[in-house]
Amino acid sequence: MLDLKLLDRDLVMLNLEANTQTEALEKLAARLFEVGYVKETYAKAILEREKVFPTGLPTEGYGVAIPHTDVEHVIKPAIALGILQKPVKFNLMGDLDPNNQVDVQILFMLAIKEPHMQLKLLQDIMEIIQDSELLNKMVKAEDVKTLIQATEQYVKEKGVA
C-alpha cells in the first residue's frame, strides 16, 4: 500500500487554480522544486513526458492524472498532490489521440528516485483511485489535515501500510 511518508503535507495543494494542464503541472512541479524534492529540470521534463506518455485516467466521479518523469530530475522521492478548483483536460493514459481526453481534478505528481519504485507506486495509486469514496473525500477536503487523515484512514483500513 501507499507509503504515506512520501506524501509530504507541504506538497498538498488544495483548490489549485489552473486553466490548463500545463499550468497545473507547472504549479505542482514548482512546489516540489521549492521544497527541495526535485531539480530545476523537473518541470520541463514532466511537461515533455506528458506529451509523449499522457497520464489522464477516467475514474468514478473525478478524473485523475499521475504525471511523473525520469529519476535524474529527482533529489528525493515524494508525491505532490494537487486538487484542482475545476477540472482541466488531460489526454488519456496510453492513448496518443489528442481527441481522447479526460477532465482531471486530482493530480498525483510523482518524484521517483529509484526506477524500481515507479511500478509499485503507480500500482498503489491505481488502487487508491478506484475508491470513489476516498476520491470524493480528497476533493471535498477543506484543509490538508483532513485530506491526509482520509488517506491515512484508507491505508489503515486496507491493512497494508
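I read pLDDT as the predictor's confidence in each residue, from 0 to 100. The chain has a mean pLDDT of 91, with 96% of its residues at 70 or more. This is a predicted model, in which local features need pLDDT of at least 70 and side-chain atom pairs count only at pLDDT 80 or more, while totals for chains, interfaces and linings use all residues. Residues are numbered from 1 along each chain as its sequence is written, and side-chain values use heavy atoms, with hydrogens and water left out.

I then looked up confidence by element (DSSP runs numbered from the N terminus: helices H or I of at least four residues, strands E of at least two). The lowest mean, 83, belongs to α3, and the highest, 98, to helix α1 (residues 21–34).

Next I looked up the nonpolar cores, each a set of buried Ala, Val, Leu, Ile, Met, Phe, Trp, Tyr and Cys residues joined through side-chain atoms within 4.5 Å, where buried means under 20% relative accessible area (1.4 Å probe, protein chains only). The largest core has 30 residues, and Ile 66, Leu 81, Ile 106 and Phe 108 have the most contacts inside it. Elements giving two or more residues to this core include β4 (78–91), β5 (101–111) and α5 (144–158). A second, separate core has 26 residues, among them Leu 11 and Val 74.

For Phe 108 I listed contacts (heavy atoms within 4.5 Å). Leaving aside neighbours within four places in sequence, Phe 108 touches residues including Ile 66, Leu 81, Ile 125 and Met 138.

Technical notes:
Buried means under 20% relative accessible area, exposed over 50%, partly exposed in between (1.4 Å probe, protein chains only).
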